[in-house]
Amino acid sequence: MSYWERSSTARVTASARPRKLAKVPFVELADGRLQGVVSSGSDAGRVYVSSVAAGTHAFTCSTNNNRPCGGARGSFCNHIRSLIAESVLQYGAGRVARYLKADVADGEPDAQAVTAAMGAVRPPQGDSTAAASVFSRFLHHLAYLELTPVTAPLPEMQWFPPTRAA
Ligand SMILES: [Zn+2]
């Protein structure tokens with residue numbers, strides 16, 4: 001175990017398989033959704049904020065400037081498909097399927113099976129207000145990368161409980 005894993009207060013869960021961050025820089029199972037940020041295939045300056053809700057599989061996809069994705073009309077666009085594929089690498093297909101309540105066949109599913117099971121219920125278009133909160137969570141995570149490594153306490157992290165009794 002590396003030093004940062006041992007010293008982390010939260011349990012560090014390793015990726016099921018390694019991911020390529022360039023295509024899908026951010027993916028998480030949170031707020032009752034699979035949600036994340038997907039790079040545009042054609043424009044390096046543009047990203048899509050995509051999500052699929054647990055249970056209903058209601059989906060949303062829009063740009064970081066809140067323009068709706070042209071591909072996400074009536075069915076999952078390629079961004080959402082990439083998001084599902086990357087979430088399977090990150091969390092494993094079984095965990096993604098359970099979180100989203102996707103009706104997959106017994107046994108260990110794969111990304112294709114999870115995508116197909118959710119597409120089969122003809123999911124509705126979701127409410128795109130989620131996009132702003134997903135994007136701000138992403139930017140918040142990015143902000144930590146900008147911090148200069150120091151040993152002084154980070155005021156924002158003070159709500160973490162101490163790891164050892166004094
Ligand atoms: Zn899209």
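## How the helices meet the sheet

The buried residues of H3 pack against E2, E3, H2 and helix H4 (111-120), where helices (H or I, at least four residues) and strands (E, at least two) are DSSP runs numbered from the N terminus, and where two residues are in contact if their C-beta atoms, placed from the backbone, lie within 7 Å. This is a predicted model, in which local features need pLDDT of at least 70 and side-chain atom pairs count only at pLDDT 80 or more, while totals for chains, interfaces and linings use all residues. Residues are numbered from 1 along each chain as its sequence is written.

The protein has five helices and four strands, and read along the sequence they follow the pattern α-β-β-β-β-α-α-α-α.

The four strands form an open sheet in the order E1-E2-E3-E4, with antiparallel pairing; two strands count as paired if DSSP finds at least two bridges between them. Strand E1 (26-30) and strand E4 (59-63) stand at the edges with a single partner strand each, so one side of each has no neighbour in the sheet. Five bridges join E1 to strand E2 (residues 33-39), and Val27 stands opposite Gly36 in E2.

Helix H2 (residues 78-91) lies across E1, E2, strand E3 (47-53) and E4, and runs at about 110° to E2; such angles run from 0 to 180 degrees between N-to-C directions, with axes being lines fitted to C-alpha atoms, for helices over the stretch in contact.

| Helix | Buried residues | Packs against |
|---|---|---|
| H3 (residues 93-100) | Ala93, Val96, Ala97, Leu100 | E2, E3, H2, H4 |
| H4 (111-120) | Val114, Thr115, Met118 | E3, H2, H3 |

In H3, Ala93, Val96, Ala97 and Leu100 are buried. These residues cover an arc of only 95° around the axis, which puts them on the same side of H3; the arc is that of the directions from the helix axis to the C-beta atoms. An α-helix has 3.6 residues a turn, so residues three or four places apart point the same way. In H4, Val114, Thr115 and Met118 are buried. Seen down the axis of H4, these fall within an arc of 95°, so they line one face of the helix.

H3 is followed by Lys101, whose phi is positive, near 55°, and just after H4, Arg122 takes a positive phi of about 50°.

Note on methods
A residue is buried if 20 or more other C-beta atoms lie within 10 Å of its own, exposed if 12 or fewer, and partly exposed in between; C-beta atoms are placed from the backbone.
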